[in-house]
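Please open the model in your viewer and display it as a cartoon, with each chain in its own colour.

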Amino acid sequence: MTETIIKTENLTKTYSGSNVKAVDNLNIEIMKGEIYGLLGPNGAGKTTTISMLSTRVAPSGGKAIVAGYDIIKDSLKVRKVIGVVPQDLTTDEDLSGYENLMMVASFYDVNKNKAKEKAAQLLRLVDLEEAANKHVKTYSGGMRKRLELIVGLINEPEILFLDEPTLGLDVQTRSQMWKYIRDIQEKLDVTIILTSHYLDEIDALSSRVTIIDHGKVLVTGTSEELKAKLKGDIIMMTFKTQEEAEKIKEFPNLVDVKDNGPKSVRLKVQDSDRELPNVIEFISKNQLSLTRMTVQKPSLDDVFLEYTGKGIRDAEGGGEFRQTMFNMRRLRR
Amino acid sequence: MSGLLPLTSREFKKWYRNPISLVTGLIQPFFWIALFGSAFAGLADLSGASNSIIEGAPNYITFILGGVLTITGLFTAMFTGVNLIFDRRLGTLGRFLIAPIKRSSIVFSKIFSAIARIIIQVAILIGAALVLPDGLRFAHGFTLFDVGVLIAAVLMISFIFASIFNLIAIRITQPNSLFGILNLINLPLLFTSTAMFPPDLMAGWIRTVAKYNPVSWSADSIRTVIINGSLTSSQMSQLGIWLLALFVLAVALVLLTYFLSEKGIRE
């Protein structure tokens, strides 16, 4: 996992008729074999970045190397070694799933027998064997998304771009898609670049994540690293008396401690998994009577909040209620 | 042109799987030859000199066949642009643009599949004209040369208009805009040509316009060989000029379509 497969240098895109940089001097490096997440609110520049890397949109500045090829000079070579699953549906409704796969295979000059084999394998992988010969217009939304996923894989790409693969799917279908995406990464030896504005999706799938907003990289790391940068987990405890609540503040190894209402305390510790036994030991040693205890590990949500200064839903204009919730959480912390 | 074959075969699948478009496309030529043939047949009886008005054809259907063949090509070709716009709207174009295929193959798959449909329609039309009572009659037999001229003329008029409408579709996103343009020009194009009417019955200025209308070139080329059989040298040179003009126009437009589609198809 040390070989670089995509590298951008000051990649920039300004759409004509607009002064805003959709992507602004982007520098990212993606390693072979990883699932790399691009996280950001709508309009952050995720799709534009993917469009440039997949040679669909020409950059206005900077450069990028994809699988060893320059996206501007060798765009055709880049196209041959990548697979793309765009945000919008691209399969032909009047053809069957199998026919769609075979047509796209022939765009890549895949040998017909090999394409047949590959199509069968991929259809099996996403449980579409039975529907393979039905017209795509009879497919459900989830089935179409699954078909889109494997159409992007028919040319055996080294890199697969997934742009919002679960947008508009229900919760069950989403987690099903996640399973397929993991299967693909395991079985097909392909590097996956995934964009999403669902934090849980990035958290569940990607090995590393870059948060971008307004076309700029805010931070990159594994989601564990990013969470760790928030320096600690929260342990919330409520006691029978205020004195006991004060006593717990003497617990060693604290990162931070705050009152959280009457008889209630918020401890911040480096690693709750490791500290929890010590906290319990401290409680029993001091004979404190605990009435309530919750452990909160930071989510990617908190990371996003930390770096963008806004919750991801607010960034999308997700309503004032969430904004208030986020502000409250921030205040409490 | 990689991608041309799979994309053209896709167009065909879409065509024959849509029963309405398949059947209407195949029946339409029958209608045209039967309706036009009867509707305007009165022209041939206008005067004692009727045969000279319809340029010596034995009946109106024989006279009009060149026109109907040309119009069939013209109309089918014009509609091909719409498919490109629908590909854009339905998202399939996005898949083609990601693939390592030539941009022009996307456009030419539409053009070639239209041409193939036109050839089928032309064959049906000729068959229909032959079986109709008082239908198509070849004065001097039907030679290979006649077939060649007929096919060349229809193909070139089809390439010309398929190119024009695909050129428009490369940039346009609204199917209605294309239909608007199509409706604006199809009938004027037809009625300022000699496809339906003998030039002798036209107003003077229309006759002048008709002379420079490519639709007339194609209709008159076909008509000349069907009605006359063996041609005089002046007929031959006139035929040569029409076919050459069609050829130059077709090649120019096909090349323009190639270069502009390679330059970029709007997403």
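Begin with the boundary between chain A and chain B of this predicted model, where eight residue pairs are in polar contact, both residues of each pair being at pLDDT 80 or more. Next, select the side of chain A that touches chain B: helix 2 (75-81), strand 7 (82-85), helix 3 (97-107) and helix 5 (141-151) of chain A each supply at least two of its residues. Helix 3 of chain A gives the most, with five residues. Colouring this side of chain A by residue class shows eleven nonpolar, six polar and seven charged residues.

Now display both partners. The contact draws 24 residues from chain A and 20 residues from chain B. Together the two chains bury about 2,000 Å², with 58% of that area on carbon and sulfur atoms. Select Arg56(A), Arg79(A) and Phe107(A), which supply 33% of the area that chain A buries against chain B, more than any other three residues.

Turn to the charged pairs. Six salt bridges are found across the interface of chain A and chain B. To view a salt bridge, select Arg10(B) and Asp92(A), whose closest N and O atoms are 2.5 Å apart.

Finally, return to strand 7 of chain A. Which way do its residues point? Ile82(A) and Val84(A) point one way, Gly83(A) and Val85(A) point the other way, and all are buried. Within strand 8 of chain A, select Leu160(A), the bridge partner of Gly83(A).

Key. Residues are numbered from 1 along each chain as its sequence is written. Chains are lettered from A and ligands numbered from 1 in the order in which they are written. This is a predicted model: local features need pLDDT of at least 70, side-chain atom pairs count only at pLDDT 80 or more; totals for chains, interfaces and linings use all residues. Side-chain values use heavy atoms; hydrogens and water are left out. Contact means heavy atoms within 4.5 Å. Buried area is the accessible area (1.4 Å probe) that two parts lose on being put together, summed over both. A salt bridge is a side-chain nitrogen of Lys or Arg within 4 Å of a carboxyl oxygen of Asp or Glu. A polar contact is a pair of N or O atoms within 3.5 Å; within protein, one must be able to donate a hydrogen and the other to accept it, and residues adjacent in sequence count only if both atoms are side-chain atoms. Helices (H or I, at least four residues) and strands (E, at least two) are DSSP runs, numbered from the N terminus. Ala, Val, Leu, Ile, Met, Phe, Trp, Tyr, Cys and Pro count as nonpolar, Asp, Glu, Lys and Arg as charged, and the others, Gly among them, as polar. Buried means under 20% relative accessible area, exposed over 50%, partly exposed in between (1.4 Å probe, protein chains only). Two strands pair if DSSP finds at least two bridges between them.
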